[in-house]
Amino acid sequence: MHPLSEPSAASPWTEPASWRVTATRRESDDTVTLELEPPAGQVFAFRAGQFNMLGAFGTGEVPISISGDPATGGPVLHTIRDVGMATHALCSLEPGDRVGVRGPYGTCWPLEQAEGADVVVIAGGIGLPPVRPAVYHLLAHRDRYRRVVLLYGARTPADLLFTGELTRWRSRFDLDVQVTVDTAAGGWRGDVGVVPDLIATARFDPATATAFMVGPEIMMRFTIRALQTAGVPDDRIFLSMERNMQCAVAMCGHCQLGPFLMCRDGPVFCHRRLAPWLNLREA
Amino acid sequence: MTLEPLLREHPFLTSLEPQYLALLAGCATNVRFGEGSFLFREGEPADRCFLIREGKVALEIAAAGRGPIIVQTLAAGDVTGFSWLLEPHQWQFDGRAIEPVHAIALGGACLRGKCADDPRLGFELTQLFARLAIQRLQATRLQLLDVYGNAHASAV
């Protein structure tokens, strides 16, 4: 092992460093947020939309978006859904445990490009954590944007993430939050329906708005159509993709989609670039 | 007082020509429902459809031992459905106001009669409700796909 230089968004670590878990927070039955602390004396910086490779020792690595505020110091947040061996090991970590971290990797949300107009942030399921850093930025620089809309969908009310934060965001007059679930029991007073159907009634100017979107690919496919029907051009629709990322440093080729490597050229893409490749049956 | 101005404002009918709005106004009634009350119940005759102006309606299905399950919510600008249009003219779900609801009720028999008298109106209304049916079908397919379930899950 050679000494690692100080990481930044422009020069990520390429070998895992041992970070300490400082806190864990259960967001839902299967989703946990880890607060991680870099090795002593090392500063970590990232941009909204980027991800780290995390590995609980002995279980392999997985790409996990950074879900905290890029403008604040302190622990680095990752929100992880327990869907397999590696993520189960990560979700089982406790304060004081160690985790292998390398990053940050990938492209970021085009927040400066979106200034001066409306922004529509769209998230489905575990897609909310990857856009949360962008929401923090939008709210911290609220005067640079016109209307800001957050559309969020989940499977059931119990699967909604960051519910306390959603409540606070809903109470703001400068942020329009619409939440929907696929199904709910009788006591639920919120919306039941699918995310693409929220587009038609969301209050934004499609002629100038920029859309940031993360979620299951099928959800994004239908939501892109709804945005296009509303009049949002492809070059202002941005989505975060995570297909088969394994090395995160453009070496293994597992995440190749047409001419792109998701880890190097993504995860955040402009839909205009990605559209020819997005719906290929085999890629 | 005619309800034609309210019909003209409703998003569902914006593409309808003015003379047809005047015809529909003859079938229209202004209605209100308090929170928790039912606009309609499964199995009852679907003798009206509702154009929602304010409030929120949950389309529910009752399941023994589980309580009601909400399959969709409808809000201002939405329409409750098309059971009035096709036989057996029977509601397939419960429609419950989860917020106070202001709506325009259109009588089903009245609408069908006007459509029979004026096939062009019938075609225009059928187009509107067919578009609504497709939108609901696509949403239902997405819900059935369970896109947020484990089969589609990634960790990022």
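Okay, let's start inside chain A, at V121(A). Leaving aside residues up to four places away in sequence, V121(A) touches V131(A), A134(A), V135(A), V149(A), L150(A) and F212(A). Keep in mind that this is a predicted model.

So where does V121(A) sit? It's one of the residues with the most contacts inside the largest nonpolar core, along with V120(A), A211(A) and F212(A). That core has 116 residues. Strand β8 of chain A, residues 148–154, gives the largest share of the core, with six residues. As a general point, nonpolar side chains in soluble globular proteins tend to be buried together.

A word on confidence. The average pLDDT for chain A is 91, and 95% of its residues score at least 70. The part to watch is residues 1–5 of chain A, where the pLDDT is below 50. Beyond near neighbours in sequence, that stretch has five contacts in the model.

On to chain B. What does its secondary structure come to? Four helices and seven strands. Along the principal axes, the C-alpha atoms of chain B fill a box of roughly 55 × 30 × 30 Å. Chain B has 156 residues, and 33% of them count as buried. If you take the contacts in chain B between residues at least 6 apart in sequence, 71% of them join residues at least 24 apart.

Now, how do the two chains meet? On the chain B side, 24 residues are in contact with 34 residues of chain A. Three elements of chain B each supply at least two residues to that side: β4 (56–63), β5 (67–75) and α4 (119–145). Which one gives the largest share? That's β5(B), with seven residues.

Strand β10 of chain A, residues 184–185, is joined to β5(B) by two bridges, and the two strands run antiparallel. If you want one pair to look up on the screen, take A184(A): its bridge partner in β5(B) is I70(B).

That's my tour, from V121(A) in the core out to β5(B) and its bridges to chain A. Happy to take questions.

Terms used:
Residues are numbered from 1 along each chain as its sequence is written. Chains are lettered from A and ligands numbered from 1 in the order in which they are written. This is a predicted model: local features need pLDDT of at least 70, side-chain atom pairs count only at pLDDT 80 or more; totals for chains, interfaces and linings use all residues. pLDDT is the predictor's confidence in each residue, from 0 to 100. Two residues are in contact if their C-beta atoms, placed from the backbone, lie within 7 Å. A nonpolar core is a set of buried Ala, Val, Leu, Ile, Met, Phe, Trp, Tyr and Cys residues joined through C-beta atoms within 7 Å. A residue is buried if 20 or more other C-beta atoms lie within 10 Å of its own, exposed if 12 or fewer, and partly exposed in between; C-beta atoms are placed from the backbone. Two strands pair if DSSP finds at least two bridges between them.
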